[in-house]
Amino acid sequence: MGQKQGEMVQGTLEMLILKTLALEPMHGYGVALRIEQVSAGVFRVNPGSLLPALARMERAGSVKSEWRSTENNRRAKYYMLTAVGRKALMDETAAWGRQTAAIARILEA
Amino acid sequence: MAWLRNMAERFRAHFSRERVEHEMDEELRGFLDASAEAKRRAGMTPEDAAHAARVEMGSPNAVKHHIRSAVWETVVENLWQDLRYSVRMLAKSPGFTLVAVLSLALGIGANTAIFSLMDVVMLRSLPVDEPGRLVLFGQGRMVGSTGSLPSESSDLFSYPFFRSFSQTNQVFSGVAATDSVEFSTHGSLSGAGSEVVTASLVSGSFFSVLGVNPDRGRMLNDSDDRTPGSGTVAVASYAWWQRHGSDPAAVGKTVHIEGINYNIVGISPPGFFGTTVGEAPDFWIPLSMEKEISPGWNDLNNKWFQSLYLIARLKPVVTPAQAAANTNLLFKQYIRSEYLGQFPSQKDLADFEHAQIELTPAARGLSRLRVEFSLPLEILTAIAGLVLLIACANLASLLLARGTARSREFAMRMAIGATRSRIVRQLLTESFMLALLGAALGVASAWKASHLLLIMASHSPQVAAMDVSPNLRVLGFTLILTVFTGLLFGVAPAIRATRFDLNGSLKQGRGMAAPASRISLARMLIVAQIALSLVLLAAANLFLRSLVKLSNVDTGFNRQNVLVFSLDQGAAEIPSDARLVNIQQQIEDRVQAVPGVHAASFSCFLFNQGMWSDDISVQGVPRTPENSQDVIFNVVGKGFFSAMSLPIVAGRGLNATDRTDSPKVAVINETMAHRFFPDGLPVGHRFGMGESLMHSGDIEIVGVVKNAKYVALQESPEAAVYFPLSQHIQYLFNFEVRYTGEEAQMIPAVRRAIAEVNPNIPINGISTLAEQVEESTANQRLIARLSAFFGLLAAFLVCIGIYGLLSYAVARRTSEIGVRMALGARRSNVLWLILREILVLVAIGIAIGVPLALAGNRLAAKLLYGLSPADPLSLFAAIAMMFAIASLAGYLPARKASLVEPTVALRCE
């Protein structure tokens, strides 16, 4: 993550999306914006990878979607976590914690 | 109905591609708008913001492509997951999987085997050019020859008519003729050893009319078929050529048949077996060689010798109706000018009036097998279909029970977010996997089974030459059947299994009753199985009883201890004159002298080998409707009646005094005696063959012999005449030997005796008279065996179904039973409680099954002998069997219930 801005460790995008959606249902751009803001601009998620990821997760059952109107009265597709998604988030967060801790130990050794 | 339309509308919209595409566009547009708006708020100009947003996203089409492939990948991934999960679940319960796969394999395999037989016998087209334009004259039911004036619908035609018709008709682009008989004889290839070969005599136009081109060399043409005796050429079949090592130099070699060398001019293409389904001649030889191939037959140019099938190709613009009109016009003209003399009799005129040719489509070739075997095949198809239905119902009820047992698993998966459709899909994957496994096993066994069926259906040791290995059409049929099967048994249980109250299921222990509807569906399935099995069992009983009756028919002759040798005197090149008679009688005498032999005799026909029949006229006996029926003729040796154990009732049998040059004599049977001489003694009277009174003094009746069966066990008494072989000189293929002692020692002794007289006479085959009688009921035995097998299979499946249902019910009611017993119910009460449940279902199933069985059995009426399709004994036996089977299957779980210890049952909650 020390490299160029916006590049992500393989496989982490879905975990970040899950984490973001865990707060509240959001539309696609909302997810992208949120990730960018919270990461203080380190990660910028391209719609070309975000939307396919959401579609894949919806198909796999970890998120579901619904058309709602936005704060400024437009129709948008909102995504929200399912129970499967919640469980996946827990598992992945735990796995991530173990991995980063292990990597940190290796780097400090 | 508005709500229905509305729902359909929504349903369609949900799955429509446009909707998905439209939503994708809308989402992308929303994304762009939101992104641009954020940039505007951050201070960009609207144009710059919109541009930057578009640049960030890149090509919308590329994004959409990514989304689509992401979705597709998940579909494949899900399917893979489902498959792996299914394999695990099926492996977990091997007993269930085994029963399911085996019953499906039997069901699907039986259907595939029968369909592949149906395909060759009834559906497959000849591998010729445009088979749809070919027509057959008549229906091809008759084989052999007829010498009477054409009357009613003709099947067999003379060579002169073929010649004349080919030249005068205006509706066919070509006419082909083929002898109705496939000749079995001996031949040797360029000096090699002699072997059995089959030959088909065809016109020179045969291959060009069919549009069959040679694999190598050339086919026959008109020049081969110009003058009698001139066409010493032959086309070999591809199969024969392959049997002889696919010799590249085969064309040009000669094959020696009955004293003539035939030059092999070509090899037929692979896959072409001729025009008669079930026959595959080794050689096609021009009709001009008719006399040489079968010396006993009449002259080809004799217009009264009608032995040919005619097949013609319609001209491109001619309709079948036009063709029929022109054909019949020419046929009538030909009969009037060639057959009716100057002073035709009343009967001749009546025959002429009715004479006609029916043109039938010949795309699928000629098939007596089709005529004989289509009803048995239809019945077998129905039986196999019922078995598959029962297997489906059985599996559905097993899956229902499993679904109930797995409801906690499903509830768990749904609780953590799996949708119901996802679980239904998973369950259907399991069902289809079972169906596919069953189908794979079924097709593998069908391969063998259809060949076995063919052997059983062939009526003789010589198997009909047909390719019954499953082809694309058969495999397609099986695939459709499999999918249909999977849906039939899989859908209802899958939907039922996932319909429940989540919380309830998670909490549910064993004691709670499952929803009543699920149980009643399981009961309906059991009732359906019982009803269908009853139909099968009743049919099986009917066929078995009919077969027993048929086997007990008195044939008149004694079928035990008679060996039948098939001798080919033609292959030994013996001329058919007094020398032939001499050799035949020498063989009879020599074999008669073998120790242990009681009698030995040649005969033209034996039981169930077809017949030769005609009118006769008796001197001094006026014709009545009763005695104008055809009489069956046979040509036999003097030992025939002893060999068959047919006692002489009056006069004498045939003996050595009946020589070629002595007055002509015959022995008649009781039916003939009764028909022509109702109140007098027939011995000493004279008769002649044919209806003409001119010849009625030709032959003297010297004796009367006991009646017998001649063509079939079912036949009503037939009038028959036996001529001595010395007065009807011809090759006689049957040689019967009545003996006592060991068959194994008798055969070589008889062979030696025959070889001592003439070592060149080959023995084509050896069977017994009992076998020949048995072969005549091949269809009935095939059906009886298969229906009994399938009936037992169905009963076995019902057993499994009942056992499963009751075991489940007992497990569910353990605590209830415990309470009952604690309150004083006895073990017998509990036993009855459980058994009663199943007996009620059986009673309902039987009530539904009886009318079904009665309706279904009517289909079989034609195949039954001496029984009505509504035979009460068969039906009662089936009902009794059903009750016995159900009680047996119900007894084990019921007994288990009766052994429940009240304390244990109450504590297990």
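This is a predicted model: local features need pLDDT of at least 70, side-chain atom pairs count only at pLDDT 80 or more; totals for chains, interfaces and linings use all residues.
View 1. Chain B holds 27 helices and 24 strands. Of its 909 residues, 41% count as buried. Among contacts in chain B with a separation of 6 or more, 82% are made by residues 24 or more positions apart. The pLDDT of chain B averages 84, and 92% of the residues score at least 70. For the model, the ipTM is 0.83 and the pTM is 0.70.

**View 2. The contact between chain B and chain A.** Chain B contributes 24 residues to the contact and chain A contributes 21 residues. On the side of chain B that touches chain A, the elements giving two or more residues are α2 (17–41), α3 (46–57) and α4 (60–92) of chain B. Of these, α4(B) gives the most, with nine residues. Sorted by class, this side of chain B comprises 13 nonpolar, seven polar and four charged residues.

View 3. Helix α10(B) spans residues 320–339, 20 residues in total, and its first and last C-alpha atoms lie 27 Å apart, close to the 28 Å expected at 1.5 Å a residue. Thr327(B), Phe331(B), Tyr334(B) and Ile335(B) are buried in α10(B). These four residues lie on the same side of α10(B) because they cover an arc of only 100° around the axis. An α-helix has 3.6 residues a turn, so residues three or four places apart point the same way. The buried residues of α10(B) pack against α6 (159–168), α11 (346–354) and β12 (359–361) of chain B. On the face turned away from the buried side, α10(B) carries the exposed residues Ala321(B), Ala325(B), Leu329(B), Gln333(B), Arg336(B) and Ser337(B).

View 4. Strand β1(B), residues 134–137, is covered on both faces. Leu134(B) and Leu136(B) are buried on one side, and Val135(B) and Phe137(B) are buried on the other. Strand β11(B), residues 306–314, runs antiparallel to β1(B) and is joined to it by three bridges. Within β11(B), Arg313(B) is the bridge partner of Leu134(B). Three bridges also link β1(B) with β12(B), again in the antiparallel sense. In that pairing, Leu359(B) of β12(B) stands opposite Phe137(B).

View 5. Ala382(B) is located in helix α12(B), which covers residues 368–405. The residue is classed as partly exposed because 17 other C-beta atoms lie within 10 Å, whereas a buried residue would need 20 or more and an exposed one 12 or fewer. The C-alpha atom of Ala382(B) is 9.9 Å from that of Leu859(B), although the two residues are 477 residues apart along the chain.

**View 6. The open sheet of chain A.** Three strands of chain A form an open antiparallel sheet in the order β1-β3-β2. Strands β1 (26–27) and β2 (63–69) of chain A stand at the edges; each has a single partner strand, so one side of each is left without a neighbour in the sheet. Seven bridges pair β2(A) with strand β3(A), residues 75–81, in the antiparallel sense. Trp67(A) stands opposite Lys77(A) of β3(A).

Terms used. Residues are numbered from 1 along each chain as its sequence is written. Chains are lettered from A and ligands numbered from 1 in the order in which they are written. The expected span of a helix is 1.5 Å times one less than its number of residues. The arc is that of the directions from the helix axis to the C-beta atoms. Two residues are in contact if their C-beta atoms, placed from the backbone, lie within 7 Å. pLDDT is the predictor's confidence in each residue, from 0 to 100. Ala, Val, Leu, Ile, Met, Phe, Trp, Tyr, Cys and Pro count as nonpolar, Asp, Glu, Lys and Arg as charged, and the others, Gly among them, as polar. Two strands pair if DSSP finds at least two bridges between them.
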